[in-house]
Amino acid sequence: MINAIQLSDVNLSIGNTSILEKINLTVQQNDFIGIIGPNGGGKTSLLKIILGLLPPTSGRVLVFGKSASHNSSSVGYVPQQSEFTKDFPISVWDVVMMGRVGEKKIFSRTSKDDKQIVDEAIEMVSMSEFKSKTIGHLSGGQKQRVLIARALAMKPKILLLDEPTASVDTKTGQNVYELLNKLNETTTIILVSHDMSAISRYVRKIACLNKTLVYHDSKEITKEMLEDTYQCPVDLIAHGLPHRVLDEHGD
Amino acid sequence: MLEFLEYDFMLNAITASLLASIACGIIGSYIIVKRIVFITGGIAHTAYGGIGLGYLLGFNPLIGAVGFSLGAAGFISFMRKRNNENEDILIGLMWAFGMALGVLFISFVPGYVPDLMSYLFGNILTISGTEIWLMVILDLVIVTIVAVLFKQLRAITFDEEFAQTTGLPVDKLYFLLMSLIAITIVVLIKLVGIILVIALLSIPSAISVKFNKGLKSMMFVSVLLALAFMLVGLLLSYYLNLPSGSTIIMVAVFSYLLAAVINKYRFNSKNFAK
């Protein structure tokens, strides 16, 4: 089976600042990978490289064996914050429809299939009752769900999410993770977050990113891995438990 | 009371207002939702270089304005594509460069330069039949492109980055949008002039964005508002013997303030009802 994503020796620098160094990452189809790391560690940049939005300074990026920018419609992206203007006059349904617009030929009208895909995507994130609401009138968590539906409307084979639970309450966050868990049956998912406790309960594999990537193709996070990544002492969280278990503090 | 309708120049002015409001309401809506008022100002002022060139070489200055504003649209799109960090500085530079170039060109023209003020501040009463036809053509171009590419243009004004991930040719669409803005500016120059064009492009849409749920209805209301501002301004300037361009802008600015007050009251009463 062909790898969903393969990064070999990817470097990224902007000006004289190195953002990412020697990133090697192989993602198999239907993987569910969580990438954790400190703010400014290059998490968003890594996603943008996979999406083909940001060309790496050097190295190779393959998505289903082809260069990243040729695969745009097979990769769905859920950004952390969308830049859109708050009072943009557009309904939830029309926002989700944007997931289909790249497929369109110039003169073609919206097909029945497109409409059905959009309705299903909205249903999947439980936003059906809000579909004619203006996007600016929604809460942070509702907006986040709309952005997920917009990415789902692309029918992506890979879904990239940037801090999907950063602006939502715990309950909504849990719903988001359960939805992703279900989607993972057919979709490869990469999720970026600094929220280790939530991430570790759902993802199958974890990578740590702070300029360099530490990835063991498993769900194990060791204290050393984290301390390397965060460059400071870190409390480790136990997997599979609903509450955090902390190391004893030395003082 | 309607004796002004007997004058040809007034009929021309009313026709021009109608044509201008179409371009203004449609393109102004994109400018407001994408928050590119400053970029629009840059394109408008750069056009002055083309007006100067027209005077110097003896062709219609509006043709020169089309060339220069399209050039500015291309420059801005190119910078954006390269992710230039100094975009705002370079737009300011382009803005001043275009104006200065226009002034220099005009200083080389021997003798008196007629109508110069009308390009800067507008004079709707001097619009000629040829210019009306130019406006008709530019309006047709704008309406056709927006009708055909409505969804695509909406997608890039809403969220450029996501639009790119769906495979839309974002750079080309962005250049197209900039070019539409450039063309619209040319349509408006004779009415309100380069310096005031920014108000007529932004104020109608800045009002209608508060009261509309969709981009199409926003455009429609913006067109009506722009038309109302122009006609009211035109009548006031006729009866009170004031400069037309500035009077139109005054009407627009005070309408914006009024709308802001109404909008505030509207939201307060909604909250009150809860």
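Tutor: The contact draws 23 residues from chain B and 25 residues from chain A, where two residues are in contact if their C-beta atoms, placed from the backbone, lie within 7 Å. This is a predicted model, in which local features need pLDDT of at least 70 and side-chain atom pairs count only at pLDDT 80 or more, while totals for chains, interfaces and linings use all residues. Residues are numbered from 1 along each chain as its sequence is written, and chains are lettered from A and ligands numbered from 1 in the order in which they are written.

On the side of chain B that touches chain A, the elements giving two or more residues are helix H7 (150-158), helix H8 (160-165) and helix H10 (215-240) of chain B; helices (H or I, at least four residues) and strands (E, at least two) are DSSP runs, numbered from the N terminus. By class, that side has ten nonpolar, seven polar and six charged residues, with Ala, Val, Leu, Ile, Met, Phe, Trp, Tyr, Cys and Pro counted as nonpolar, Asp, Glu, Lys and Arg as charged, and the others, Gly among them, as polar.

As for the chain behind this side, chain B has eleven helices and zero strands. Its radius of gyration (over C-alpha atoms) is 19 Å, close to the 19 Å from the globule rule (2.2 Å times the number of residues to the power 0.38) for 274 residues, so chain B is as compact as a globular protein of that length. The C-alpha trace of chain B spans about 65 × 50 × 30 Å along its principal axes. Among contacts in chain B between residues at least 6 apart in sequence, 74% join residues at least 24 apart.
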